[in-house]
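Subject: Handing over the model

Hi,

Here is the structure I promised to pass on. Please open it beside this email and follow along.

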Amino acid sequence: MSHKESFLQYLQIEKRYSPHTVRSYKNDLDQFYSFLSKQGLPDDPVAVTSHDIRAWIVNMLDNNYTTVSVHRKISCLRVFYRYLRKEGIIKSDPLEKVVLPKRKKTLPVFVEETAMNKLLDDCSFGDDFTGIRNRTIIEMLYLTGMRRSELIGLRKQDVDLSEGSLKVTGKRNKQRIIPVVKPFVKHLEEYEKARNEKFTAAVNDWFFISDKGNKLYDKYVYNIVNSYLAIVTTIEKKSPHILRHTFATHMLNRGADLNSIKELLGHANLSATQIYTHNTFEKLKKIYKQAHPRA
């Protein structure tokens with residue numbers, strides 16, 4: 001087993017990273033090894049120098065990678081080399097002397113509240129299983145702020161409609177409870193009814209399923225969100241993550257406090273949540289009983 005393979009196995013088994021995260025690490029390492037190969041450099045991580053890593057950074061910037069992407073890929077290398085050092089494979093870390101380019105601060109893109117209301121109030125999703133499920137997915141992402149991977153990993157037993165709550169498993173298998181407002185509980189009940197009428201209860205344990213009764217996957221959810229957001233907004237990015245940004249921004253605009261949003265989003269620290277304060281342009285004249293615009 002190569003160093004890369006043992007590292008990826010370590011992430012999956014010991015660190016219990018999600019399959020999506022492990023794939024991201026693998027892709028970044030594959031790209032790094034490909035760069036080394038094209039430069040005629042050995043692909044042995046023991047032989048890699050800080051100069052080689054700096055050359056890769058320059059190469060990425062020359063190929064119009066954003067500083068955010070560069071930071072993420074080098075972060076992958078840092079974790080990889082920390083693992084190699086922990087295992088005694090290397091004695092010194094070549095990344096210790098690597099300085100990264102300054103990251104440009106970009107504001108999270110979000111969908112305007114009027115556009116989301118138009119989508120959920122005026123657009124027709126259809127009354128069949130597919131339409132009801134697609135609407136429920138859009139609402140789930142927007143009303144809870146959960147990640148796409150969290151939505152895909154949601155199991156039937158994680159949804160407690162009697163209590164109006166969801167048990168969500170986030171990054172590094174950290175779990176949190178998200179409350180669900182009553183109007184959305186009714187929509188979840190409608191989806192469950194449509195799902196149970198189309199498929200037997202024993203088809204699988206996943207809450208959201210495809211038209212064929214299988215577990216959803218990343219591109220499947222992306223295509224659903226992208227197609228419906230295209231109806232009401234012209235923003236360039238129309239991904240599930242945009243609905244997460246939209247949730248946080250609208251909550252802040254409606255008077256929710258930052259710590260509450262942090263807990264709902266499942267952020268490890270407040271600094272990750274604070275970026276949404278830059279999008280809060282509206283000054284409220286009163287405090288709403290319920291912060292979310294569709295509550």
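Residues are numbered from 1 along each chain as its sequence is written, and side-chain values use heavy atoms, with hydrogens and water left out.

**Confidence**

The protein chain has a mean pLDDT (the predictor's confidence in each residue, from 0 to 100) of 90, and 93% of its residues reach 70 or more. Where pLDDT is low, the predicted coordinates should not be read in detail.

**The α5/α6 pair**

Helix α5 (residues 113–122) and helix α6 (residues 129–144) have axes that come within 11 Å and cross at roughly 150°. Here axes are lines fitted to C-alpha atoms, for helices over the stretch in contact, and angles run from 0 to 180 degrees between N-to-C directions. The crossing angle therefore makes α5 roughly antiparallel to α6 (the term covers angles over 145 degrees). From α5, M116, L119 and L120 meet R135, I138, E139 and Y142 of α6. By class, this contact has five nonpolar, no polar and two charged residues (Ala, Val, Leu, Ile, Met, Phe, Trp, Tyr, Cys and Pro count as nonpolar, Asp, Glu, Lys and Arg as charged, and the others, Gly among them, as polar).

**The sheet**

Three strands make an open antiparallel sheet, ordered β1-β2-β3; strands pair if DSSP finds at least two bridges between them. The edges are β1 (159–160) and β3 (175–179), each pairing on one side only.

- β1 and β2 are joined by two bridges, with V159 partnered by L166 in β2. Their hairpin has four residues between the strands, and G164 takes a positive phi near 65°.
- Five bridges join β2 (residues 165–169) to β3. S165 stands opposite P179, and L166 opposite I178. This hairpin has five residues between its strands, and R172 in the turn has a positive phi of about 55°.

Happy exploring!

Technical notes: This is a predicted model: local features need pLDDT of at least 70, side-chain atom pairs count only at pLDDT 80 or more; totals for chains, interfaces and linings use all residues. Angles under 35 degrees count as roughly parallel, over 145 as roughly antiparallel, 65 to 115 as roughly perpendicular and the rest as oblique. Contact means heavy atoms within 4.5 Å.
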